[in-house]
Amino acid sequence: VQLVESGGGLVQPGGSLRLSCAVSAFSFDYYAIGWFRQAPGKEREGVGFIKGSDGTTYYADSVKGRFTISRDNAKNTVYLQMNSLKSEDTAVYYCAADRMPSIVPARWDYWGQGTQVTVSS
């Protein structure tokens with residue numbers, strides 16, 4: 001399984017950004033895809049995930065109501081739409097794949113290389 005993130009960049013506070021995660025995997029829809037982030041000097045934390053079976057989503061409290069995860073199984077791609085961005089959202093964002101979703105990063109088997117998101121004026 002290979003994952004490639006894209007869409008990161010610099011955005012002003014209050015702005016929006018959409019990240020993409022392109023996944024190369026046999027039976028893509030079997031996998032849950034998670035989004036995680038890691039700020040400098042901090043541990044990697046879960047942002048949320050979307051199940052492969054039914055598209056159910058889960059979000060961390062810190063992003064609930066601002067971030068939305070969606071998937072396009074025809075394109076083997078998962079999206080993270082980020083709205084109302086804050087400076088504390090600045091981090092490297094990663095997507096990951098696993099059959100069993102969890103908000104705990106260590107439980108995910110496959111990872112992308114990450115994309116930088118910087119929220120600053």
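Rings of Phe, Tyr and Trp (its six-membered ring) are taken as a pair if their centres lie within 6.5 Å, with planes under 30 degrees apart counted as stacked, over 60 as edge-to-face and the rest as tilted. On that basis F36, F49, Y58, Y94, W108 and W111 form one aromatic cluster, and a search of the whole structure finds six aromatic pairs. This is a predicted model, in which local features need pLDDT of at least 70 and side-chain atom pairs count only at pLDDT 80 or more, while totals for chains, interfaces and linings use all residues. Residues are numbered from 1 along each chain as its sequence is written, and side-chain values use heavy atoms, with hydrogens and water left out.

| Pair | Distance between ring centres | Angle between planes | Class |
|---|---|---|---|
| F36 and W108 | 5.5 Å | 75° | edge-to-face |
| F49 and W108 | 6.3 Å | 50° | tilted |

Strands here are DSSP runs (E, at least two residues), numbered from the N terminus. F36 belongs to strand 4 (residues 32-38), whereas W108 lies in the loop between strand 9 (91-98) and strand 10 (110-111), so that this pair links distant parts of the chain, 72 residues apart. F49 lies in strand 5 (residues 45-50), and its pairing with W108 ties together parts that are 59 residues apart in sequence. F36 and W108 are both buried, as is F49, buried meaning under 20% relative accessible area with a 1.4 Å probe and protein chains only.

Charges also sit over rings, a term that requires NZ of Lys or CZ of Arg within 6 Å of the ring centre and within 35 degrees of the ring normal. R44 lies over the face of Y94, a member of the cluster, at 3.8 Å from the ring centre, and the charged end of R99 sits over the ring of Y31, 4.7 Å from its centre.

Definitions and conventions
Helices (H or I, at least four residues) and strands (E, at least two) are DSSP runs, numbered from the N terminus. Buried means under 20% relative accessible area, exposed over 50%, partly exposed in between (1.4 Å probe, protein chains only).
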